[in-house]
Amino acid sequence: MNTILKLEGVRKTYPSFQLKDVSFEVKPGQIMGFIGRNGAGKTTTLKCIMNLVHYESGSISAFETDMTENELENKQRIGFALSELNYYPNKTIRQLMSVTKRFYKKFDEHKFEEACRLFNLNIDKKLEELSSGMKVKYSVAIALSHHAELLILDEPTSGLDPVSRDEILDIFRQIVKKEDRAILFSTHITSDLDKCASDITYIHDGEIIYSGTKSDFVASYLYVKDKEKHQNLLNEYIAYKEYDDRIEGLIRAENKDRFLQNGIEPIEPDLEQIMVNIERSKSPNESFDL
């Protein structure tokens with residue numbers, strides 16, 4: 001199988017927002033980070049994939065079959081979780097598992113209990129007693145127990161402490177190790193992508209502005225710290241910020257020589273620096289008095 005998930009030209013219109021021809025694909029072995037600021041369209045896109053939101057045009061296929069025509073069969077092979085579990089908060093994990101397993105033909109109760117032990121999940125705890133990190137682990141345990149080949153997770157690390165986030169990312173890396181499964185997870189925490197993502201898809205205001213390998217994305221930009229504050233170079237920046245003692249900003253890698261000629265050595269940016277500056281360039285702040 002060359003492609004686990006593929007979106008082509010997906011459009012969805014709301015009164016104040018629109019998904020604009022969203023296209024990208026996820027392949028086996030990939031951890032795809034789906035990034036963009038809050039409100040950019042990440043959750044809407046994930047809901048379109050799972051047919052929780054009906055899109056107006058375009059196509060979505062999973063496991064090389066049309067998602068709408070093969071929805072029930074494909075959902076047997078997908079593990080899906082929104083950002084917050086809030087159903088049946090007074091039920092224990094064991095009770096929820098007993099309900100959930102009825103929906104999956106290949107659900108393996110022994111594998112679920114094994115995953116819970118691995119994740120240090122007490123299956124006799126109520127859902128409302130679980131921390132945010134434990135709820136994510138529960139969602140992953142359910143996905144692993146019905147042998148999901150694709151995990152689709154909405155902001156799985158949001159609100160987690162650093163240790164819990166690191167544990168979740170380690171689990172993600174283990175899941176795709178055999179390269180027969182894939183993970184698509186939305187996030188605005190770029191440091192998570194630095195640690196585990198092989199690929200990223202970047203959405204801005206409902207429109208995909210990049211989808212590909214993380215390494216290629218990072219390599220196309222450089223970051224500048226100009227302590228001399230050269231005014232003649234300001235037009236070379238994608239976006240910049242002026243401080244009292246320096247100018248910092250993002251440039252395209254092919255424009256490196258202009259800065260070298262002025263004695264400035266650009267450095268490799270991290271994903272946060274790239275995302276912050278791209279968003280700044282597309283939504284410039286107007287000055288105002290405080």
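**Surface, fold and ring contacts**

The accessible surface of the protein amounts to about 15100 Å², and carbon and sulfur atoms account for 44% of that area. The model is predicted. Its C-alpha trace spans about 65 × 40 × 40 Å along the principal axes, and the protein contains 10 helices and 13 strands. Of the 290 residues, 47% are buried. Among contacts between residues at least 6 apart in sequence, 68% join residues at least 24 apart. As for charge, there are 39 positive and 48 negative side chains, with the centres of the two sets 5 Å apart.

The structure holds nine aromatic pairs. One of them joins Phe 217 and Tyr 221: the ring centres are 5.5 Å apart and the planes stand at 75°, so the pair is edge-to-face. Phe 217 and Tyr 221 are both buried. Tyr 237 and Phe 259 also make an edge-to-face pair, with 5.4 Å from centre to centre and 75° between the planes. Because Tyr 237 lies in the loop between strand E11 (221–226) and strand E12 (239–242), while Phe 259 belongs to helix H9 (residues 256–260), this pair ties together parts that are 22 residues apart in sequence. Tyr 237 is buried at a relative accessible area of 8%, and Phe 259 is buried at 0%.

Ring pairs also link Tyr 202, Tyr 210, Phe 217 and Tyr 221 into a cluster.

Charged side chains meet rings as well. Lys 12 lies over the face of Tyr 14, 5.2 Å from the ring centre. The charged end of Arg 77 sits over the ring of Phe 63, at 4.0 Å from its centre.

Methods. Residues are numbered from 1 along each chain as its sequence is written. This is a predicted model: local features need pLDDT of at least 70, side-chain atom pairs count only at pLDDT 80 or more; totals for chains, interfaces and linings use all residues. Side-chain values use heavy atoms; hydrogens and water are left out. Helices (H or I, at least four residues) and strands (E, at least two) are DSSP runs, numbered from the N terminus. Buried means under 20% relative accessible area, exposed over 50%, partly exposed in between (1.4 Å probe, protein chains only). Contact means heavy atoms within 4.5 Å. Accessible areas come from the Shrake-Rupley method with a 1.4 Å probe; for residues, only the protein chains shown count as cover. Lys and Arg count as positive and Asp and Glu as negative; His and the chain ends are not counted. The place of a charge is taken as NZ of Lys, CZ of Arg, CG of Asp or CD of Glu. Rings of Phe, Tyr and Trp (its six-membered ring) pair if their centres lie within 6.5 Å; planes under 30 degrees apart count as stacked, over 60 as edge-to-face and the rest as tilted. A charge sits over a ring if NZ of Lys or CZ of Arg is within 6 Å of the ring centre and within 35 degrees of the ring normal.
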